[in-house]
Amino acid sequence: MKDALIVLGGDINANGEISLTSKSRIEKAVKIFNSGYANHLILSGKASFSKNPIPARTEAQIMKEYAVLLGVPTEKILLEEDSRDTIGNAYFVKNKFLEPNNWRDVGVVTSEYHLPRAEYIFKKVLGEQYKIEFFPAESDFLTKEELENKIAGEKTKLSIISLWRI
């Protein structure tokens with residue numbers, strides 16, 4: 001059994017409610033969690049840097065409500081509410097939960113188009129002492145063109161971040 005399953009925030013919609021992206025990630029995570037995969041579910045995200053002003057409720061809080069609705073016990077859910085991007089997701093989860101609890105075996109759930117960049121970042125930020133498994137959440141609510149645009153954007157971001165010396 002893994003120490004924790006980490007779910008990356010996928011934004012908040014204009015009404016301050018869970019986005020389809022976050023919903024998809026939570027649904028995938030709940031299926032994995034309910035199989036007995038991990039002891040804890042860590043929901044990660046404050047709000048994207050593109051959100052201005054910052055919403056009253058964090059992505060993590062909104063995802064928690066949905067996870068509980070889907071049957072995850074509240075006491076099994078941990079919230080990371082400081083991150084505003086994927087680097088922050090990895091950094092704050094590591095510092096707030098993984099290191100203090102000596103958790104080294106985790107899973108990460110994010111959208112399939114976001115997975116290559118998330119994998120790169122988590123491996124860099126967490127380091128070799130961590131065993132990390134990655135799970136793609138489907139984005140079948142996106143049109144083909146929207147998905148292609150997301151994939152292209154992620155490729156560009158990954159090419160830029162891979163130049164950084166982190």
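Reader: Is Lys123 buried, partly exposed or exposed?
Author: This is a predicted model. In it, Lys123 is partly exposed. Its relative accessible area is 44%.

Reader: Where is the place of Lys123?
Author: Lys123 sits in helix α4.

Reader: Which side chain does the side chain of Lys123 make a polar contact with?
Author: The side chain of Glu119. The polar contact is 2.8 Å.

Reader: And what does Lys123 touch, not counting residues up to four places away in sequence?
Author: Ile132 and Phe134.

Reader: What separates the C-alpha atoms of Lys123 and Ala90?
Author: A distance of 8.9 Å. Along the chain, Lys123 and Ala90 are 33 residues apart.

Reader: On to helices. At what angle do α3 and α4 pack?
Author: About 40°. Helix α3 covers residues 86–101. The axes of α3 and α4 are 9 Å apart.

Reader: Why is α3 called oblique to α4?
Author: Angles under 35 degrees count as roughly parallel, and 65 to 115 as roughly perpendicular. The angle here is about 40°, so α3 is oblique to α4.

Reader: Is the crossing of α3 and α4 left-handed or right-handed?
Author: Right-handed.

Reader: Which residues make the contact?
Author: From α3, they are Thr86, Ile87, Asn89, Ala90, Tyr91, Lys94 and Leu98. From α4, they are Arg117, Ala118, Ile121, Phe122, Val125 and Leu126.

Reader: How do the residues of that contact divide?
Author: For α3 with α4, nine are nonpolar, two are polar and two are charged.

Reader: What about α4 and α5? At what angle do they pack?
Author: About 20°, with their axes 9 Å apart. Helix α4 spans residues 115–126 and helix α5 spans residues 144–161. The pair is therefore roughly parallel.

Reader: Does α4 pass α5 in a left-handed or a right-handed crossing?
Author: A left-handed one.

Reader: Which residues make the contact there?
Author: Helix α4 brings Pro116, Arg117, Tyr120 and Ile121. Helix α5 brings Glu154, Lys157, Leu158 and Ile161. Five residues of the contact of α4 with α5 are nonpolar, none is polar and three are charged.

Reader: New topic. Which strand does Ser44 lie in?
Author: Strand β2, residues 38–44.

Reader: Is Ser44 buried or exposed?
Author: Buried. The relative accessible area of Ser44 is 0%.

Reader: Which side chain is joined to that of Ser44 by a polar contact?
Author: The side chain of Asn89, at 2.8 Å. Asn89 also takes part in the contact of α3 with α4.

Reader: What else is Ser44 in contact with, leaving aside neighbours within four places in sequence?
Author: Among them are Val7, Leu8, Gly9, Glu59, Met63 and Val93.

Reader: And Leu43, buried or exposed?
Author: Leu43 counts as buried, at 0% relative accessibility. Leu43 lies in strand β2.

Reader: How many residues apart in sequence are Leu43 and Ile77?
Author: 34. In space they are 7.3 Å apart, C-alpha to C-alpha. Leu43 touches Ile77, and also residues including Val7, Ile26, Ala60 and Met63.

Reader: Last one. Where does Ser24 lie?
Author: In helix α1, residues 20–34. Ser24 counts as buried, at 12% relative accessibility.

Reader: What lies 2.4 Å from a polar atom of the side chain of Ser24?
Author: The backbone oxygen of Glu138. Leaving aside neighbours within four places in sequence, Ser24 is in contact with Ala137, Glu138 and Phe141.

How values were computed: Residues numbered from 1 in each chain as written. Predicted model: local features only at pLDDT ≥ 70, side-chain atom pairs only at ≥ 80, totals over all residues. Heavy atoms only, no water. Axes fitted to C-alpha atoms, helices over the stretch in contact; angles between N-to-C directions. Helix = DSSP H or I, 4+ residues; strand = E, 2+ residues; numbered from the N terminus. Parallel < 35°, antiparallel > 145°, perpendicular 65-115°, else oblique. Left-handed = near helix turned anticlockwise from the far one by under 90°. Contact = heavy atoms within 4.5 Å. Nonpolar A, V, L, I, M, F, W, Y, C, P; charged D, E, K, R; others polar. Buried < 20%, exposed > 50% of the residue type's maximum accessible area, 1.4 Å probe, protein only. Polar contact = N/O pair within 3.5 Å; in protein donor to acceptor, adjacent residues only side chain to side chain.
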